Amino acid sequence: MNALPRAALADSAGLEFRGATKSYGGKRALNDISIFVPRGSFTVILGAAGAGKTTMLRSIAGLEKLDAGELLIGGEPANHLEPKDRDVAMIFDNLALYPNKTGFENIAHPLRVSGRERTAIETAVQGIASKLKCVHVLGRLPRTMSGGERQRVALGRALVREPRLFLLDEPLSSLDAMLRIELRTELRRLQREFGYTFVMATPDYTEAMAVADSIAFLREGEIIQIAEPQTLYDEPADWDVARFIGEPEINLLPASYSPDEGGRVMLGDGIVCQAPPALRQGGYRTSFQFMAGIRPEHLRLGTPELSAWCGEVTDIEPLGTKAAITTALPRSEVRILVAATVARDLKVGQFTSISFDQDKLIAFDRTTKARLL
Ligand SMILES: Nc1ncnc2c1ncn2[C@@H]1O[C@H](COP(=O)(O)OP(=O)(O)OP(=O)(O)O)[C@@H](O)[C@H]1O
């Protein structure tokens, strides 16, 4: 297994969907999905429960048949291929191991089934086990392993086959938080090092941001946006995407725009500020209403000379190095992310001044929810 030069792979297709559609009893689970996944990349399908993530992965694996549209794997049409002929591995969250086989035999199983020779099996199992740091459990039965060790062996069993494409359906969701972070880092490292093509489904945006080259945001069977993680955060296609990415959630406040004086924004609760660049440069000639999105990390407390608002602290949620402060304004509520040291001096019931970075305000259309460019 040699490391593959990533640059050379960037243009070649690991996977492509063209207008993929799939319904269950009249309900569209996938609606005209088109996506190109470069070979050697890590793509994450992000979306809420029921968005269609599993259906998408199962259609790629051949466990579901598309009603319409084309699937290409490695640039080749794959709609007609049986699952076993697609050369893809699907990794689920509840990866069951054979209870009566050792760690070694569990990982070796797919190679034995395909008739691989004994010394080649030995080398492959040792190689993948050392990459996944589970050599020490190769001689043991699953019931003597910790949850994390079992998951490593199960991942080893999927990775040892070296298929063209790996499909990972919430593979870490049953692990505790620490293990999840440790294993996702390792998945990312392995994927980079060996140029694997990974398509992973998850509803967890932090997991998606941590590992993805590219994230496809899926909602009700439709791809709403495909972008690099930071772009999804900075330039969300609509306010559903903006709310999904970021913790605490982005603040959404009714607002209006006026082209006067080079562009002004009036937020509820009587705040008037200069419009952000996207609105100023948008060529708008008349006033209109929109939804203003302000991320909690772009609000600040306690700079009265710069402050737009005064709010009452109604909740303080410690988050370790940071804290989420909820403040009530006369007609709305905003959440603010502050350093824990700042939160220490605050008390529920106290009034505080609030200011924000106007250039970071994101404007959304009130009807379509789309971000205004
Ligand atoms: N075999 C099936 N029969 C009928 N409806 C189905 C079937 N499989 C999925 N669906 C429906 O298709 C839609 C998409 O389901 P899917 O499992 O792909 O979503 P998901 O994003 O993976 O959700 P989760 O995160 O909960 O696993 C849902 O409305 C679901 O109820």
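This is a selection-by-selection tour of the structure above.

The model is predicted: local features need pLDDT of at least 70, side-chain atom pairs count only at pLDDT 80 or more, and totals for chains, interfaces and linings use all residues. Residues are numbered from 1 along each chain as its sequence is written.

**Stop 1**

Select residues 13–24 (strand β1) and 27–38 (strand β2), which pair in the antiparallel sense over eight bridges. Helices (H or I, at least four residues) and strands (E, at least two) are DSSP runs numbered from the N terminus, and two strands pair if DSSP finds at least two bridges between them. β1 and β2 form a hairpin with two residues between them. Show glycine 25 in the turn, where phi is positive at about 50 degrees. For individual bridges, pick tyrosine 24, whose partner in β2 is lysine 27, and then glutamate 16, whose partner in β2 is phenylalanine 36.

Aspartate 32 has a positive phi of about 60 degrees although it is not a glycine. Most residues other than glycine have a negative phi.

**Stop 1: the sheet around the hairpin**

Contact requires C-beta atoms, placed from the backbone, within 7 Å. Axes are lines fitted to C-alpha atoms, for helices over the stretch in contact, and angles run from 0 to 180 degrees between N-to-C directions.

**Stop 2: the ligand**

Select the ligand with Tyr24, Ala29, Gly47, Ala49, Gly50, Ala51, Gly52, Lys53, Thr54, Thr55 and Pro203, the residues around it. A residue is near a molecule if its C-beta atom, placed from the backbone, lies within 6 Å of it. Helix α2 (residues 53–61) gives the most to this shell, with three residues. By class the shell has five nonpolar, five polar and one charged residues. Here Ala, Val, Leu, Ile, Met, Phe, Trp, Tyr, Cys and Pro count as nonpolar, Asp, Glu, Lys and Arg as charged, and the others, Gly among them, as polar.

**Stop 3: helices α3 and α4**

Select residues 103–113 (α3) and 118–131 (α4), which pack at an angle of about 130 degrees with their axes 10 Å apart. That angle makes α3 oblique to α4; angles under 35 degrees count as roughly parallel, over 145 as roughly antiparallel, 65 to 115 as roughly perpendicular and the rest as oblique. Show side chains for Phe104, Ile107, Ala108, Leu111 and Arg112 in α3, which meet Ile121, Ala124, Val125, Ile128 and Ala129 in α4. These contact residues divide into nine nonpolar, no polar and one charged.

**Stop 4: a cis peptide bond**

Go to the bond from glutamate 247 to proline 248, which is cis with omega near -5 degrees. Proline 248 is found in the loop between α9 (239–244) and β11 (251–258).

**Stop 5: the five-stranded sheet**

Finish with the open antiparallel sheet whose five strands come in the order β15-β19-β16-β17-β18. β15 (299–301) and β18 (333–339) stand at the edges with a single partner strand each, so one side of each lacks a neighbour in the sheet. The twist averages 45 degrees from one strand to the next. Inside the sheet, select β16 (residues 309–318) and β19 (residues 351–356), which run antiparallel and are joined by four bridges. Glutamate 312 stands opposite phenylalanine 351 in β19.

Conventions: Two residues are in contact if their C-beta atoms, placed from the backbone, lie within 7 Å.
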